[in-house]
Amino acid sequence: MQTSSWAEFEAAEAEFAEAVRKRFAQYKHHVLATLRADGSPRVTGLEVDIRSGELWLGMMPNSRKALDLRRDPRFAVHANPGPDAGMTSGDVRVSGRAVEVTDAEALARYADNVHPPQPFHLFRAELAEILHTGVDNDELVMRVWRPGASLRTIRRGNGAEPPLEGTQRPGPNASVTATR
């Protein structure tokens, strides 16, 4: 699995990265998916922090999610969908690998800026995929970014026709010209 930092994602797709950042900033709490020891999924609440060119996952000491990530670093974070069914700014999911930060100086720098409850676990996200899903008229529009690849846009209607796919860079509410 190829991964990148938030800074690398931002450099590759600045406009898309800003839309994803804004989506996470809308609400404080989001949903983290990890894998339990038996391989089954676990979902828990989490705050996401994007700063210093990284996406950070902080959590209480010895929480189940921290222990899950120590054992198997694969994760997905789903941005809080909001209070109703409107989803006006779409839906965002980030997945990748979580790398625990154990360096005392790095933890202290983070704590000086963020002031988390002490003690805490801190993980730096290595991004493998970022997906933004929204609705444009009667179509579901998915924008997908992976390290080393162009931003893809996939449009799907309610009918039996196959999805349309393109690699153009639309604005947040722009139409996409795609091919079958």
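In which loop does His115 lie? I found His115 in the loop between H4 and S6; helices (H or I, at least four residues) and strands (E, at least two) are DSSP runs, numbered from the N terminus.

A note on sources: this is a predicted model, where local features need pLDDT of at least 70, side-chain atom pairs count only at pLDDT 80 or more, and totals for chains, interfaces and linings use all residues. Residues are numbered from 1 along each chain as its sequence is written, and side-chain values use heavy atoms, with hydrogens and water left out.

Back to His115: its phi is positive, about 60 degrees, although it is not a glycine. At 63% relative accessibility His115 counts as exposed (over 50%; buried is under 20%, partly exposed in between, with a 1.4 Å probe and protein chains only).

In that loop between helix H4 (104-114) and S6 I also noted Pro119. A cis peptide bond joins Gln118 to Pro119, with omega about -15 degrees.

Next I turned to strand S6 (residues 121-136). I see 14 of its 16 residues buried, so S6 is largely enclosed by the rest of the structure.

Then I looked up its partners; two strands pair if DSSP finds at least two bridges between them.

- S3 (residues 54-59) runs antiparallel to S6, joined by 4 bridges, and Trp56 stands opposite Arg124.
- S5 (residues 91-100) pairs with S6 in the antiparallel sense over 10 bridges, and Asp91 has Thr133 as its bridge partner.
- S7 (residues 139-145) is antiparallel to S6 over 7 bridges, and here Thr133 stands opposite Met142.
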